[in-house]
Amino acid sequence: MSKPDELLVDVAAVVESGQSNQMSLTVVTGGAVITGRLAPEAVWRRRVSEVLTDSARLGEFSAVFDTPAKQDGSPTHLHFHVARILQGTLGIPETGGMYRVAIEDVSAWTVGDFSYSDH
């Protein structure tokens with residue numbers, strides 16, 4: 001098991017404490033590049049719950065995400081919203097998705113998000 005990057009843990013802690021969703025970040029994890037904005041876990045959970053509630057097939061899972069996040073110790077995960085997995089010149093999904101990434105699984109990162117344009 002790898003030791004999480006303390007600087008990245010600090011970034012996640014600031015996002016959690018400020019309840020801000022304006023920090024853009026790009027990470028490499030498991031060979032994938034994920035880029036987007038970080039959200040506090042409570043905000044991320046609420047949004048996922050809303051999306052599931054609106055789903056005819058997945059509505060029953062909404063309650064799983066509607067429970068409060070455990071607040072014991074330093075953050076262990078990054079919670080992305082409006083995020084994309086970069087694949088070649090594409091960001092998937094184009095509109096952005098909701099991703100949860102374990103900080104200990106991040107092998108590289110940079111502040112800011114990447115986007116592509118054909119113009």
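The residues that line the largest pocket of this predicted model divide into 3 nonpolar, 7 polar and 6 charged. That pocket has a volume of about 300 Å³, and of the 16 residues in its lining, the closest to its centre are Glu41, Ala69, Lys70, Asp72 and Thr76. Two secondary-structure elements, helix H2 (41-53) and strand S3 (77-87), each supply at least two residues of the lining of the largest pocket.

Strand S3 also belongs to the sheet, an open arrangement of 5 strands in the order S4-S3-S2-S1-S5, in which the pairing is antiparallel. Strand S4 (90-102) and strand S5 (106-111) stand at the edges, and because each has a single partner strand, one side of each is left without a neighbour in the sheet. From one strand to the next, the twist averages 35°. The antiparallel pairing of S3 with S4 extends over 8 bridges, and within this pairing leucine 78 has valine 101, in S4, as its bridge partner.

Two helices lie across strands of the sheet. Helix H1 (residues 6-18) lies across strand S1 (24-29), strand S2 (32-38), S3 and S5, and its direction makes an angle of about 55° with S5. Helix H2, which also contributes to the pocket lining, lies across S3 and S4 and runs at about 125° to S4.

Two residues, one from helix H2 and one from strand S3, can be followed in more detail. Arginine 47 has its place in helix H2, and histidine 77 has its place in strand S3. When its neighbours within four places in sequence are left aside, histidine 77 is in contact with Arg100, Val101, Ala102 and Ile103.

| Pair | Separation in sequence | C-alpha to C-alpha distance |
|---|---|---|
| Arginine 47 and histidine 81 | 34 residues | 9.0 Å |
| Histidine 77 and serine 49 | 28 residues | 18 Å |

Technical notes. Residues are numbered from 1 along each chain as its sequence is written. This is a predicted model: local features need pLDDT of at least 70, side-chain atom pairs count only at pLDDT 80 or more; totals for chains, interfaces and linings use all residues. Side-chain values use heavy atoms; hydrogens and water are left out. On a 1 Å grid over the protein atoms alone, a cavity is a set of points where a 1.4 Å probe fits but cannot get out, and a pocket is an open set with protein on both sides within 12 Å along at least five of seven lines; lining residues have an atom within 4 Å of a point. Grid points are joined across faces, edges and corners, and a volume is the space filled by probe spheres set on the points. Helices (H or I, at least four residues) and strands (E, at least two) are DSSP runs, numbered from the N terminus. Ala, Val, Leu, Ile, Met, Phe, Trp, Tyr, Cys and Pro count as nonpolar, Asp, Glu, Lys and Arg as charged, and the others, Gly among them, as polar. Two strands pair if DSSP finds at least two bridges between them. Axes are lines fitted to C-alpha atoms, for helices over the stretch in contact, and angles run from 0 to 180 degrees between N-to-C directions. Contact means heavy atoms within 4.5 Å.
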